[in-house]
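Here are my notes on the model you sent over.

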Amino acid sequence: MLEQELEAMRQLFCDNYCKYPLICNTQEKLDGICDECPLNKLAEIIKK
């Protein structure tokens, strides 16, 4: 259940608060930024 909640929170943040989907001109650039996102890193720590 925790993993589903984390994914829902991450998606909510990305869709409603993150500026990068609007300013990145390629999916590759966006993926690189998402890999370094503090929220994603926190989710990985919590999963462990």
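1. Let's start with N40. At a relative accessible area of 13%, N40 is buried, because anything under 20% gets that label. Keep in mind that we're looking at a predicted model here.

2. Where does N40 sit? You'll find N40 in helix α4, which covers residues 38-47. Setting aside residues up to four places away in sequence, N40 touches R10 and C34.

3. R10 belongs to helix α1, residues 2-16. Is R10 buried or exposed? With 15% relative accessibility, R10 counts as buried, since the cut-off is under 20%.

4. What does R10 contact, once neighbours within four places in sequence are left aside? The list is L39, N40, A43 and K47. Of these, N40 is in helix α4 (residues 38-47).

5. Stepping back to the whole protein: there are 4 helices and 0 strands, and along the sequence that reads α-α-α-α. The C-alpha atoms fill a box of roughly 35 × 20 × 15 Å along the principal axes.

6. As for the surface, 15% of the 48 residues are buried. The protein exposes about 4200 Å², with 57% of that supplied by carbon and sulfur atoms.

Definitions and conventions: Residues are numbered from 1 along each chain as its sequence is written. This is a predicted model: local features need pLDDT of at least 70, side-chain atom pairs count only at pLDDT 80 or more; totals for chains, interfaces and linings use all residues. Side-chain values use heavy atoms; hydrogens and water are left out. Helices (H or I, at least four residues) and strands (E, at least two) are DSSP runs, numbered from the N terminus. Buried means under 20% relative accessible area, exposed over 50%, partly exposed in between (1.4 Å probe, protein chains only). Accessible areas come from the Shrake-Rupley method with a 1.4 Å probe; for residues, only the protein chains shown count as cover. Contact means heavy atoms within 4.5 Å.
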